[in-house]
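Subject: Structure for you to look at

Hello,

Here is the structure I promised to pass on. Please open it and keep it in view while you read my notes below.

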Amino acid sequence: TMQTKFEPVMSSSATLPGQIVQPSAAADRHRVMRNTYMLLALSLLPTIAGAWIGMQLNFFAAFVAHPVATPLLMFAAMMGTMFVVQRLRNSSWGVAALFVFTFIAGVFLTPILTIAAGLRNGGQLVGIAGGMTAVIFFGMAAIATISKKDFSFMRNFLWVGLLLLVVAMLANLFFQVPAASLALSGVAVLLFSGFVLYDLSNIVNGGETNYVMATLNIFLDLYNIFVSLLNLLMAFSGQRD
């Protein structure tokens with residue numbers, strides 16, 4: 001069952017007659033990492049489903065008709081679902097809530113995918129953005145896993161950067177400056193690449209012991225990297241008819 005397959009990791013000890021075996025912190029961290037990777041892969045399915053449904057229902061029209069209100073409503077829906085995931089993170093319902101969140105995130109991809117579909121090389125650019133995102137993920141995973149270095153010192157810098165980026169993006173919703181959008185996308189790629197390294201290092205070094213929250217964090221990192229890369233690729237390499 002889902003409850004058994006993704007049982008939250010808790011430290012435990014095994015006792016044999018005349019012997020006490022200490023908990024294996026390394027084994028616990030490995031289990032969290034394994035479950036995180038598995039759940040991250042599964043979370044792509046509702047994301048793809050949400051993007052497909054959003055395009056079939058022409059959700060892009062809502063963004064055109066209400067270019068400020070619709071993104072704000074979607075952002076509020078994602079934030080609300082994230083709160084639910086956090087509250088349910090220690091049960092299998094947390095996994096279900098995570099899938100709901102990734103589905104909503106997929107629907108939120110509708111505008112940029114619709115624009116990409118209108119380009120002659122749009123499909124290629126989506127593939128390149130996905131491939132580059134994967135390269136960044138595996139590169140950061142290799143650094144975090146092989147070096148086992150604690151990158152927690154990056155935390156304050158990353159969160160301050162994220163706060164400034166969100167404020168700037170919200171401001172650009174109203175001003176709609178194309179150059180600012182591209183600059184923010186470039187900053188987002190660098191910032192969330194740093195978050196990937198930080199979040200993976202946090203698992204490797206035992207700072208994050210809940211695979212649901214670990215998956216949510218890494219999913220958000222990769223999601224923002226993908227969107228930002230695709231935005232940059234379409235701006236500089238998009239071929240219009």
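Start with two helices, α5 and α10. They are roughly parallel to each other, because their axes cross at roughly 10° and angles under 35 degrees count as roughly parallel. Keep in mind that this is a predicted model.

Now find the pair. Helix α5 covers residues 92-107, and helix α10 covers residues 211-237. Their axes come within 10 Å.

Which residues meet? From α5 come Gly94, Val95, Leu98, Phe101, Thr102 and Ala105. From α10 come Tyr211, Val212, Thr215, Leu216, Phe219, Leu220 and Tyr223. This contact has ten nonpolar residues, three polar and no charged.

Look along α5 itself. The helix has 16 residues and spans 23 Å from its first C-alpha to its last. That is close to the 22 Å expected at 1.5 Å a residue.

Next, the largest nonpolar core. This core holds 62 residues. Which members touch the most others? Leu200 and Leu230 do. Helices α2, α4, α5, α6, α7, α8, α9 and α10 each supply at least two residues. The largest share, 17 residues, comes from α10.

Finish at Leu200. Leaving out residues up to four places away in sequence, Leu200 touches Met33, Tyr37, Phe137, Met140, Ala141, Ala144 and Ile218.

Best wishes

Notes
Residues numbered from 1 in each chain as written. Predicted model: local features only at pLDDT ≥ 70, side-chain atom pairs only at ≥ 80, totals over all residues. Heavy atoms only, no water. Axes fitted to C-alpha atoms, helices over the stretch in contact; angles between N-to-C directions. Helix = DSSP H or I, 4+ residues; strand = E, 2+ residues; numbered from the N terminus. Parallel < 35°, antiparallel > 145°, perpendicular 65-115°, else oblique. Contact = heavy atoms within 4.5 Å. Nonpolar A, V, L, I, M, F, W, Y, C, P; charged D, E, K, R; others polar. Expected span 1.5 Å × (residues − 1). Core = buried A, V, L, I, M, F, W, Y, C linked by side-chain atoms within 4.5 Å. Buried < 20%, exposed > 50% of the residue type's maximum accessible area, 1.4 Å probe, protein only.
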